[in-house]
Amino acid sequence: MARNRTTTRPRRLVTLALLGLTGVLTAVLGYEAWDGSRSSVQLAEEIVRDQALYAASNFAAEARGEVAFDLLEEGMEVIDRSVGRRGDRPLTPGGLREAARAEGWDGMDQASLFFRLAPGEGEVSVAGEADSAQAGWAVREAREYSRRNPDDDDLRTLFAPGGSSVLVHQLSYEGRGDYALLGMILSPKAFGPAFERAFLDEPLLPEAFSGGRPNGDIFVARVRDPYGNVVYESSAEPYSGTPVQHELDERLGGMVLELGVREEAVDQLVSGGVPQSRMPYIVALFLLTAGLLMTAVWQLRREAELADLREDFVSSVSHQLRTPLTQIRMFGETLMLGRVRNEAERERATEIIVDEANRLTHQVENVLLFSRGERDALNLNLVEADLGAVVESVTESFEPLARAAQAALERRIETGIECTMDVEATRQAVLNLLDNAVKYGPAGQVIEIGVRGTPGEPKGFATMWVEDEGPGVPPGQQDRVWDAYVRLDRDRASATAGSGIGLAVVRRVIEAQGGRVRVEAGDRGPGPGARFIIELPLARALREA
């Protein structure tokens, strides 16, 4: 038997190796699928980002024109027209409003201060509603920048700390080396209309990509000042992913554009749409495959354990069959050769042959019943019979085997209890319990066997039990002892461990008759003991039901 196990072990290892390779291959394929899906999504995201950057660049160009030329230079023109090219008229709110109204420069409504500084003459002309602190800050900053950059006559924008106001100034040359420093303070709200025009008036993407849809249906634009405050926002609705950022013209004071793509417009910017992530499906398939592989490994392990148990069973049954056969052959040869010395020895040899033949019959019946139970082919013949009489008959026939094992049987059998049962199957179950008690109990023990009726139960059962004085069944293993091939760990090394099917046969034949089985701790003898109980339905209770 050890040779068979040695032969089958490499096969199991090969099967396990193949399952392991299958798992590895599945993991590799899953990774490749995930990587391909991730690459496709990344490529689509890069395409969307590139188009957003292209659109942001177009917006910046439009914003430069709308803000720098149509808003900021308007302020410089307002100052020039109000004070004259040579500054011969003082700045007044009335003159400013008149100059702005004449050109339709509505953005000047957001200006809180205008000033003109003629450094050569040391004169400062100021008009507006700004307080002295704002005016002083504006003049100082404009003068300091012009001192450090004497040749820069471009428009310059500076946000006040916190972004509450914006300083715009420009060095204006007036001929013959004369120049004047012009400036104004604007509210950040003044930029909104200019950015709105830059965002809406011209498409930011070619029609092939935008499909002719307005910019507002594709993008969400947001402009922030250097302090992070929002100067302009096209919409408060969400957008997909992280927005692209683009610094606007340096003359605009470090404002930054954030341009995001609306979630519903992302698919339109990518030919065929952005592929959906396959990660959930890949993970689900991988988990399913892993589960199937684990199930296969568990099943393989279970089959290997069952194969080992069957090998043990065959070995044990062969040993148990060989013993009575050897006894029968030995004493048969003794009788045949006339080696007995007197009539008492002849009778003893004959008795041993009969006992061993009964034991052999018991073993064969056990195997046959177990095999039929495995195939659901017990084919029981249920009749009404006296359970006490059946148990008494079995006990009487088993008594010689008990004496041979130095055990005594104590009967507590009530007769006249009619049950519906298969007589031969029940006899075999009782024999198995008695054989089990003799096998695992100590020499000199007293085995109690009894039958009583329990008519008080709703369905009415008769109870039959066999109680030994052996080591008992450990807690938590009372259910396991009824399973096929299962033997307790303490009994595996024992020579009397048995075939492992005796109690399994008991449970199958009794449950097939509508009965029940269980095991309890014993309450007699020096050892813990075990009481194995069979319950069969009373014939009267079945008739009444």
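## A salt-bridge network to start with

Glu 410, Arg 412, Glu 448, Glu 467 and Arg 531 are joined to one another in a network of salt bridges. Keep in mind that this is a predicted model. The total number of salt bridges comes to 26, and a few of the individual pairs are worth a look.

Let's take Arg 411 and Glu 392. Their closest N and O atoms sit 2.9 Å apart, in a salt bridge. Arg 411 belongs to strand 11 (residues 408-413) and Glu 392 to helix 10 (residues 387-404), so this pair ties together parts that lie 19 residues apart in sequence.

Next up is the pair Arg 262 and Glu 237, whose side chains meet in a salt bridge with an N to O distance of 2.3 Å. Arg 262 is in the loop between strand 9 and helix 7 (266-269), while Glu 237 is in the loop between strand 7 (230-233) and strand 8, so here the bridge ties together parts 25 residues apart in sequence. Arg 262 is buried, because its relative accessible area is 8% and the cut-off for buried is under 20%. Glu 237, on the other hand, is partly exposed, with a relative accessible area of 42%.

Then there's a pair within one helix. Glu 343 and Arg 346 form a salt bridge, with 3.9 Å between the closest N and O atoms. The two are three residues apart in helix 9 (residues 343-374), so about one helical turn separates them. Glu 343 is partly exposed at 49% relative accessible area, and Arg 346 is partly exposed at 36%.

## The loop between strands 8 and 9

Now for the loop that runs between strand 8 (240-247) and strand 9 (256-261), where you'll find Asp 249. Asp 249 is buried, with a relative accessible area of 17%. A polar atom of the Asp 249 side chain lies 2.8 Å from the backbone nitrogen of Arg 251.

Glu 250 is in this loop as well, between strand 8 and strand 9. Is Glu 250 buried or exposed? With 63% relative accessibility, Glu 250 counts as exposed; the cut-off for that label is over 50%. Glu 250 also pairs up in space with a residue from elsewhere in the sequence: Arg 64 is 186 residues away along the chain, yet the C-alpha to C-alpha distance is 9.6 Å.

## The second largest pocket

Which elements supply at least two residues each of the lining of the second largest pocket? They are helix 2 (93-103) and strand 1 (111-118). Helix 2 gives the largest share, with five residues.

How values were computed:
Residues are numbered from 1 along each chain as its sequence is written. This is a predicted model: local features need pLDDT of at least 70, side-chain atom pairs count only at pLDDT 80 or more; totals for chains, interfaces and linings use all residues. Side-chain values use heavy atoms; hydrogens and water are left out. Helices (H or I, at least four residues) and strands (E, at least two) are DSSP runs, numbered from the N terminus. Buried means under 20% relative accessible area, exposed over 50%, partly exposed in between (1.4 Å probe, protein chains only). A polar contact is a pair of N or O atoms within 3.5 Å; within protein, one must be able to donate a hydrogen and the other to accept it, and residues adjacent in sequence count only if both atoms are side-chain atoms. A salt bridge is a side-chain nitrogen of Lys or Arg within 4 Å of a carboxyl oxygen of Asp or Glu.
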